[in-house]
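Below is a short note on the two-chain model you asked me to look over. Please read the points alongside the sequence and the coordinates.

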Amino acid sequence: MPEAKTMILNMGPQHPATHGVLRVILELDGETVVKASPVIGYLHTGIEKNMEAKTYTQALTMTDRMDYLAPMSNNLVYAGAIEKLMQVEIPPRAEYVRVIMTELTRIASHLVWLGTHATDIGAMSMLLYCFREREKIIQMYEFVSGVRMMSSYFRVGGLAKDIPDGFDKRVKEILDTFPGRINEYEGLLTENKIWRNRTENVGVISAEDAVNAGLSGPNLRASGVAWDIRKSNPYSYYDKFEFDIATNDKGDVYGRYLVRLEEMRQSLRIIDQAIDGIPEGPYITEDRKIAPPPKERVLKGMEELIHHFKLVVHGFQPPEGDVYFSIESPKGEIGCYIVSDGSKKPYRVHFRPPSFVNISALNRLVKGRMVADVIACIGSIDIVLGEIDR
Amino acid sequence: MVSAVEEKLKKEYSDKIQEMFTFRDDLNVVVKPEHLPEICRYLKTDQDLKFNFLSCITAVDYLGRRQPRFEIVYMLFSIPNHYRIILKTRVDENDAVPSLTSLWETADWQEREVFDMFGLKFSGHPNLTRIIMDDDWVGHPQRKDFPLTYELPQFSFSRDDIDTRANAPWRGDNDA
């Protein structure tokens, strides 16, 4: 029981500034937050349990639905975990496209974050600008996979299909316009007096506390810890490209904002290096125990038909064992732990959701601050409830 | 890197480690639940190892496949040294595992999730309550004996059968 002098205020689960169905129970002393307890679970759909009843390829489509703002990152971590377990060799063409698409995803995710976060704090026009740019990336999704959001474009062993003609031209269009756009956002916000007043020295967390609380990604880097899985444990082809880890030592909402803006620039840098180097060759592994042969060959050859049939009916069967594979998603470290019992369905899949861990540190960020700062802090953590509740 | 960690652990805790193996370049270490906090503290504070980041806690239900039934898995990461270790501990349904909340704040929510999904208890946890499912939920969804779905009766004259709410296995008997 709280003492009589404090008041309980319920915030959410239907609240425009909680970015989904997050509910926060605030204990207030006047307008000062004594304690903030996030309540989650409103969007629980049992994704991990459902995956156990599907073949590995079928289950891949569910990963899109966790962090629906960064579907390609989720695809990559899930496919990567199985590839690690099965020791699959990925063709270079697929790796290049994977890097380009996940970096575009990072930008798209940060744009939604920037638009909604700024709107929460009162910069209403940001949302329109950010969504205008995000639309370009969503159109790229549609261009390569046929789907705007739930793309399921990465498959175990490579990609679902080859990139269409004109891919590099469209990516270059984005590369040409984007740096200017980021400068525009900076012009609107970075030196804006109101923005700085609302964000500077708000929600400060020290490096030590951030590591202890399990923060990862931009939230951790804004506290001065230069840890990026793309650099520390490079996966895919990230070790082939040059980029810097964006950090900031302020550890406040403003610091997290600066880190994400810089990350968008670094992502563009990676794409810029990768786009001209896409090699020719297969887009998915030619190991026929994992990926089906091209359709036109299935209709002509007996062996190809058998492979196709076996993969559709039985799927592939990874060896027994369990692996953990993690990548740097736009929100932080997303990890996938897969246990295989040697059958066509995963025995257990667990995702380490960065949003889940990051929001658990909310109380530490807002304790002793004003109610209005709670909004700024939730926005700055960058959460997606689909991923928290799974 | 893996071998350095392996050697160090072998030297210090050879009697407390049940099993140690490398699978797909990741070092897996199986320990008894009662030794978990001690070994974690060592891994976290040792000047050479510095496993300061607890990535993930999860569990697996090996119903009918292994004894003890559950395996709790801890993914530790060393931010300064960039390597990973997977700690495992095997428990039965009613065993309590020491909580790691005193070492890492992030263990709080992750242990609650394991409790919610598997019904495993963590001793010393400050607030071991359900986190994702409702407070009045019956059962633990990620267990292998918890059905993914259940069949509706095709046809019945009995109101009790038709009332699917009462019929659902996760509603328990107390639902009037």
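**Notes on the model**

1. Chain B has 5 helices and 7 strands, where helices (H or I, at least four residues) and strands (E, at least two) are DSSP runs numbered from the N terminus. Along the sequence of chain B the order is α-β-β-α-β-β-β-β-α-β-α-α.

2. This is a predicted model, in which local features need pLDDT of at least 70 and side-chain atom pairs count only at pLDDT 80 or more, while totals for chains, interfaces and linings use all residues. Residues are numbered from 1 along each chain as its sequence is written, chains are lettered from A in the order in which they are written, and side-chain values use heavy atoms, with hydrogens and water left out.

3. Of the 176 residues of chain B, 50% count as buried (under 20% relative accessible area, with a 1.4 Å probe and protein chains only). Contact here means heavy atoms within 4.5 Å. Among the contacts in chain B between residues at least 6 apart in sequence, 49% join residues at least 24 apart.

4. The rule finds 7 salt bridges across the interface of chain A and chain B, a salt bridge being a side-chain nitrogen of Lys or Arg within 4 Å of a carboxyl oxygen of Asp or Glu. E52(A) forms a salt bridge with K144(B), with the closest N and O atoms 3.1 Å apart.

5. Which residues touch the most other members of the largest nonpolar core? In this core of 159 residues they are Y78(A), M101(A), L114(A), F167(A), L9(B) and Y74(B). Helix α4 (residues 92-121) of chain A gives the most to this core, with 14 residues. A nonpolar core is a set of buried Ala, Val, Leu, Ile, Met, Phe, Trp, Tyr and Cys residues joined through side-chain atoms within 4.5 Å.

6. Not counting residues up to four places away in sequence, F167(A) touches I100(A), M101(A), M140(A), F143(A), V144(A), I275(A) and I278(A). A second, separate core of 10 residues includes Y347(A), C56(B), Y62(B) and I86(B).
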